Amino acid sequence: TVFHTVWESCQQRDSFLQPMWDYLRINHSGMLRSPLFPVILTVASYFVLCLPFLACDIMGEKWPAIYWYKIQPGKMPTPAMLLHCSGVTLYNHLLLVLPAAAAQWMWRPPIPLPEQAPTLLELAVGVVGNLLLFDFQYFVWHLLHHRVPWLYRTFHKVHHKNTATFALTTEYSGAWETLSLGFFAAVNPMLLGAHPMTEMLFHILNMWLSVEDHCGYDFPWSTSRLIPFGIYGGPSKHDVHHRKPNTNFAPHFSHWDKLFGTHADFSFVKTH
C-alpha cells in the first residue's frame, strides 16, 4: 500500500538527509559544535521570520488584501514601537543570552558529531517531542507568572505592555523571561537526546510558531488553520491571551489549557 511505502521510506537510513548532514558535518563541524550556534541560529531566524509580518505592519491599509486579516485593525505598531522591541531583543540576546551560552563551555564541552543523519521518522518524532515538552514547560511557567502577582509584576508584565500583538513583540520581554524560556529551548534537545539536525529544525520551527502566534494576523494559511480539530491555537488564540491575560497560557497547543480550564474561546476574534 501507499502508506506502507511511505512508512518504509521514512525509516530508511540512507535518506536524502544524509548528503545534507555529511556536508554540514564535514564543512561546518566547528560551528555546529559551538554552544553559541543555537543562540545565533535562533536570533537570526527570529528577525528573518519577522520580516514578512513587519512588511505587513509597515504597509498597513496600503495592502488591503493583507490588512483584511489583521486581528485588531486600527491598532498598527508605530515605527518607534518596532524599533524599541527590536532594541530590547538585541540587548537581551547580546548581553544576556550569548554570555550564558558561552558559559556552557564550562560544563558542556563540544561533543563529537554523529556520522549518521536521522531518518525522516526520527526527525519528525524528535521535533514534535521537543515542541510538546517546550509547550508544557511554557504553560507551567506562564501560568505561575500570571497567578503569582509578584512574578507577574516583577518579570512578565513587560511582555503584556501591548494588548495588540505584532511580530516583534514575540521576544519583547525582560531578562528573566528571556533567559528562562531560552534555557528550556536549549536544554530540551539534550534531555531528549535529539540529533543536531533535529535540534536545528526544532529551534527554527519553535521560533516560527512563536512569531506567528504574536504576528497579529490570522491568515487562511496560518498554522492553526492547517492543523485540524483545534489541536493548535495560533495567532487568534494568543491575541485573546493579551486581551484576557488569565486565559490561553500554552504557547502553541490547546490541550493543557483545556485540561486546566484556562482555555478561552477565540471564535469571536475577527475572522473572514
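Helices (DSSP runs of H or I, at least four residues) and strands (runs of E, at least two) are numbered from the N terminus.

**Entry 1: ground rules.** I am working with a predicted model, where local features need pLDDT of at least 70, side-chain atom pairs count only at pLDDT 80 or more, and totals for chains, interfaces and linings use all residues. Residues are numbered from 1 along each chain as its sequence is written, and side-chain values use heavy atoms, with hydrogens and water left out.

**Entry 2: the whole chain.** Next I checked burial (buried is under 20% relative accessible area, exposed over 50%, partly exposed in between, with a 1.4 Å probe and protein chains only). Buried residues make up 48% of the 272 residues. Then I turned to contacts, meaning heavy atoms within 4.5 Å. Of the contacts with a separation of 6 or more, 73% join residues 24 or more positions apart.

**Entry 3: the record.** I read in UniProt, in an unreviewed entry, that "transmembrane region" is placed at residues 36-60, 81-103 and 123-144. Such positions are given in the numbering used here, feature names are shortened, and annotations may be inferred rather than shown by experiment. In the model, residues 81-103 are 96% helix and 0% strand, and their end C-alpha atoms lie 32 Å apart. For residues 36-60 I found 92% helix and 0% strand, with the end C-alpha atoms 36 Å apart.

**Entry 4: two helices.** How do helix 7 and helix 9 pack? Helix 7 (residues 120-147) and helix 9 (residues 175-191) make an angle of about 155°, and their axes are 9 Å apart. Axes are lines fitted to C-alpha atoms, for helices over the stretch in contact, and angles run from 0 to 180 degrees between N-to-C directions. The pair is therefore roughly antiparallel (over 145 degrees; under 35 is roughly parallel, 65 to 115 roughly perpendicular, the rest oblique). I listed the residues that meet, including Phe134 and Trp141 in helix 7, and Trp176 and Phe184 in helix 9.

**Entry 5: one serine.** Is Ser173 buried or exposed? Ser173 counts as buried, because its relative accessibility is 7%. I found Ser173 in the loop between helix 8 (149-156) and helix 9. Leaving out residues up to four places away in sequence, Ser173 touches Val88, Asn92, Val158 and Thr178. I also noted His159, 14 residues from Ser173 along the chain, with 5.0 Å between their C-alpha atoms.
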